[in-house]
Amino acid sequence: MEHNRVAAPSGALQSKLVRVEPESLLFQGNKDEAQRTITSIMKLYNKTPDHVAFKIKTTRPKGYCVRPNSGVISPKSVTEVEVTMQSFDQIETDYQKHKFQIQALPVEGGLSQDELAATFKGPSKNKAEEFKIKCAWHSIRLPDSDRVFSSPGTVPSQPVAKEPSPTPASANQQPAAALTATTTERRAQQAATREPAKPKAVTTDVAAAKSEGAASQSVAGVKSAPLNVVLVLVAFVLGIFFDRLILS
């Protein structure tokens, strides 16, 4: 008989006294190797400020080892229970009958094992909260057989795969179209902000050379003008001189 039992959305069973995780025990096997035992962990959380006693039973006592199968949980604390499956006979045919029952009672602290056992046999056991937990199996290699058993609807617990970190080449790589567009935009911006090109120094040098040539020609003309006048005067004087010689 179950009392105050609700299913928590986080995959746990909880009541006013305790929270039980998980709501279904998963026994994860190895399909490539037959195993003698497989262990699953159950956690019992005490939600109250008082001590809570618990007791665990199973429908297959010869097939499982439960440690501890009873005890007292301190206020606002948690107790881990190891459930070890040690028999795989007829699991294919009666797996639906493998269940666990958990009983929880508020008690005084410091109970002995005898007092704890008497607690769940006396009148107070009617006040106990009860939970029923089912079992699930995945990739159980059956003994003396090549068959592998998994109960319907089970999903193995697997580590989360890490995404590969990008290499420097792949991290900086861009699609070809995006790369072309980016290059074109960059060139357009550079052309818009670029200063007007200055005239080449060759043009300036040519103009300077022309101006210097003209200046030198004018200077030469100025220097040659008096010389011409002197030559004319000399020729005139020599002509008069020769004329007188001839007349005399």
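Q: Where does T84 sit in this predicted model?
A: T84 belongs to strand 9, which covers residues 78–85. The model is predicted.

Q: Is T84 buried or exposed, and how is that read from its relative accessibility?
A: The general idea is a cut-off: buried means under 20% relative accessible area. T84 has 14% relative accessibility, so T84 counts as buried.

Q: Which residues does T84 touch once those up to four places away in sequence are set aside?
A: The contacts of T84 are T37, I38, T39, G63, Y64 and C65. For C65, the C-alpha to C-alpha distance to T84 is 5.1 Å, although 19 residues separate the two in sequence. With T39, the side chain of T84 makes a polar contact, side chain to side chain, at 3.0 Å.

Q: How many helices and strands does the protein have?
A: The protein has five helices and 13 strands.

Q: What share of the residues is buried, and what makes up the accessible surface?
A: Of the 248 residues in the protein, 25% are buried. The accessible surface comes to about 17700 Å², and carbon and sulfur atoms account for 56% of that surface.

Q: What share of the contacts joins residues at least 24 apart in sequence?
A: The count takes contacts between residues at least 6 apart in sequence, and 67% of these join residues at least 24 apart.

Q: What does F27 touch, leaving out residues up to four places away in sequence?
A: F27 touches I38, T39, S40, Y64, V83, M85, C135, A136, W137, H138 and I140. Two of these, V83 and W137, are named with F27 among the residues with the most contacts inside the largest core.

Q: Which residues belong to the other core?
A: Another core, of six residues, lies apart from the largest one, and among its members are A53, V107, L116 and A128.

Q: How is a buried polar residue such as N46 read, and what does its side chain meet?
A: The reading takes burial, then polar partners, then other contacts. N46 is in strand 5. Its relative accessibility is 4%, so N46 counts as buried. The side chain of N46 has a polar contact of 2.8 Å with the side chain of T48. A polar atom of the N46 side chain also lies 2.7 Å from the backbone oxygen of D50. Leaving aside neighbours within four places in sequence, N46 is in contact with L17, V18, H51, V52, I73, S74, P75, K76 and S77.

Q: Which residues form a nonpolar patch on the surface?
A: V230, V234 and L238 form this patch, with about 240 Å² of accessible area together. V234 is placed in helix 5, residues 201–247. At 41% relative accessibility, V234 counts as partly exposed.

Q: How many salt bridges does a search of the whole structure find?
A: The search finds five salt bridges. One of them joins the side chains of R19 and E21, at 3.1 Å from N to O. R19 is partly exposed, with a relative accessible area of 23%, and E21 is partly exposed with a relative accessible area of 23%.

Q: Why does the pair R60 and D94 tie together parts that are apart in sequence?
A: The side chains of R60 and D94 meet in a salt bridge of 3.4 Å, N to O. R60 lies in the loop between strand 6 and strand 7, while D94 is in helix 1 (residues 91–94), so the pair ties together parts that are 34 residues apart in sequence. R60 counts as partly exposed at 24% relative accessibility, whereas D94, at 12%, counts as buried.

Q: Which residue meets R141 in a salt bridge?
A: The side chain of D146 meets that of R141 in a salt bridge of 3.4 Å, N to O. At 69% relative accessibility, D146 counts as exposed.

Methods. Residues numbered from 1 in each chain as written. Predicted model: local features only at pLDDT ≥ 70, side-chain atom pairs only at ≥ 80, totals over all residues. Heavy atoms only, no water. Helix = DSSP H or I, 4+ residues; strand = E, 2+ residues; numbered from the N terminus. Buried < 20%, exposed > 50% of the residue type's maximum accessible area, 1.4 Å probe, protein only. Contact = heavy atoms within 4.5 Å. Polar contact = N/O pair within 3.5 Å; in protein donor to acceptor, adjacent residues only side chain to side chain. Areas by Shrake-Rupley, 256 points an atom, 1.4 Å probe, with all protein chains shown as cover. Core = buried A, V, L, I, M, F, W, Y, C linked by side-chain atoms within 4.5 Å. Patch = residues over 30% accessible without salt bridge, like charges linked within 9 Å, V, L, I, M, F, W, Y side chains within 5 Å. Salt bridge = Lys/Arg side-chain N within 4 Å of Asp/Glu carboxyl O.
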